[in-house]
Amino acid sequence: MKKAFITGITGQDGTYLSKLLVEKGYEVHGGVRRISQSAMARLNALGVADKVQLHEFDLIEPNNLFRVLRDVKVDEFYNLAGQSFVGSSWELPIYTADVGAMGVVRLLDTLRSVHPETRFYQASTSEMFGLVAEVPQSETTRLHPRSPYGVAKTYGHYITMNYRESHGMHASSGILFNHESPLRGTEFVTRKITMHLAALARGGDAPVELGNMDAQRDWGFSGDYVEGMWRMLQQDKADDYVLATGVTTSIRDFFTYAAEALGLNPDWQGEGREEIAVDRKSGRQLMKVNPKFYRPAEVDLLIGDARKAREKLGWEPSVGIRELAEMMARADYDALA
Ligand code: NAP
Ligand code: G4F
C-alpha cells in the first residue's frame, strides 16, 4: 500500500486529492492546523474524513514540521497548503511569503534530511505569469507575478526546481490555472457568485457586490486537476507541468452561466463602477459593482497551454465552464433547500 501526505488537506484541492488517493488504495495522511478555517467540513462533505490520518501541522512551525515528516514516512508528498487568497496577500504579504515561499523550502530541506527519496509535488500557480509575456502561457513562459501571493509562489516554484537540480530530488511543480468546485472557498469570485445567486433564486433580495467584471480566468474543475497532480508524481522523472483548460471566461460571463442555471436572466447595464445586472423576468437587481473589491494590480490575460500535460501525462480536463458554473450554482441552491 502506497502512503501519501497532503499539506492543506482541509482545503478544496486537499479534499479532492484525499478522495482520489483513498480510492486508489493509498494510506493518506494530512496536516491540519489547530486554527483551521474549514476544519473537517470539506472532508466530511466528500465522505473521506474517517479514511485519512490527520496530524497537527503548520508550515510556519519548523520543528513541528520536522517531527511530522520524520515520523510519517511516505512515498508521495503533496504540498497544497498556503494562504491562497490573492486579494488578502496585499494586506498579509509577510505571512503569505512565510507560508507560500519559506514554507516550501522548510519542507524540501526537511525531506532532503529525513527521506530524500520521497516524491514531492508543489502547488504552483498561473498567478506567477501575472503581466503575461505571451498568450497562451506554458511551462517556458517568463514569470512576472503581480501580487505578493504570486511573488511568494514564484519562490516556491524555483526552489522546487532547485532541489530537483541540486539534490536530485523527485520534486515537481504543477502550474495550475484557476480550478473551482462546490467546495471552493466562499471568498473566491466563482463561489461568491454562486452562493449569492442561489440565495437570490430562493427569493433573497441582496445583490452580489463584485469588483473587476472584465477580469478573465481559465477556469477548470478541481477534481480534474488533482488527477493531474497525481499523474505528475507517477512519472519516472520529475518535471513541471501546466494544467489548464485553454479557455478563458470573463467574470460577467461566468455570472451569466451560473444565473441561467438557476432560472435567472441577467441584463447587463452601465459600465465600470456603474455596472449592474438586473433580472429580465423579475426586475430584481442581481449584481452591483463595489470598488472595494478592486485589486491594487491585476494579472493580464490568463490562458493556459496544457499540451505538455496532455502529451506526457495523458491529462485532459473533463468539465467545461458552463458545466462548472451549473455544478456550483446547483450545489449552492440545493444546500439552501
Ligand atoms: P484552499 O482551499 O485555500 O486550501 C488551502 C489549505 O492550506 C487549507 O487546508 C489551509 O488550512 C492550509 N493552510 C493555510 N495556511 C497554512 C499553514 N500555515 N500551515 C498549514 N496549512 C495551511 O486552497 P486550494 O484552492 O485547495 O489550493 C491548494 C493549493 O494550490 C494552494 O497552495 C493554492 O495557493 C494553490 N493553487 C490553487 C489554485 C486554485 O485555483 N484553486 C490554482 C493554483 C494554485 P486551513 O483549513 O487551516 O485554513
Ligand atoms: O476568484 P479569485 O479571487 O481568484 P484568483 O485571484 O484568480 O486566484 C485564484 O486562482 C489562482 C490561480 O491563478 C490561485 F493561485 C489562487 O490561489 C486562487 O485560487 O479572483 C478572480 C478574479 C480576479 O481578477 C478578481 O479581481 O475575479 C476578480 N473579481 C471581481 N470581483 C473578484 C471579485 N474576486 C473576488 N475574490 N471577489 C470579488 O468580488
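A residue is counted as near a molecule when one of its heavy atoms lies within 4 Å of that molecule. In this predicted model, local features require pLDDT of at least 70 and side-chain atom pairs count only at pLDDT 80 or more, whereas totals for chains, interfaces and linings use all residues. Residues are numbered from 1 along each chain as its sequence is written, chains are lettered from A and ligands numbered from 1 in the order in which they are written, and side-chain values use heavy atoms, with hydrogens and water left out.

By the criterion above, ligand 2 is surrounded by 23 residues, the closest being Thr-125, Ser-126, Tyr-149, Arg-295 and Glu-298. Polar contacts were taken here as pairs of N or O atoms within 3.5 Å. A polar side-chain atom of Glu-298 lies 2.4 Å from an oxygen atom of ligand 2, and a polar side-chain atom of Ser-126 is 2.6 Å from an oxygen atom of the ligand. Val-189 contributes a polar backbone atom, 2.9 Å from an oxygen atom of ligand 2. Taken alone, ligand 2 exposes 720 Å², of which the protein buries 96% (Shrake-Rupley method, 1.4 Å probe).

Helix H6 (189–201) and strand E8 (208–210) are the elements that give two or more residues to the shell around ligand 2; helices (H or I, at least four residues) and strands (E, at least two) are DSSP runs, numbered from the N terminus. Domain 1 (3–181 + 220–246 + 302–319) and domain 2 (189–215 + 250–300 + 327–335) each supply at least three residues of this shell, the domain bounds coming from an automatic or database assignment.

The chain contains 10 helices and 15 strands. Strands E13 (residues 266–269) and E14 (residues 276–279) run antiparallel and are joined by 4 bridges, where pairing requires at least two DSSP bridges. Pro-266 has Asp-279 in E14 as its bridge partner. The two strands form a hairpin with 6 residues between them, and Gly-270 in the turn has a positive phi of about 75°.

Pro-136 is located in the loop between strand E5 (119–125) and helix H5 (148–167). The peptide bond from Val-135 to Pro-136 is cis, with omega near -5°. Most peptide bonds are trans.

Key. Polar contact = N/O pair within 3.5 Å; in protein donor to acceptor, adjacent residues only side chain to side chain.
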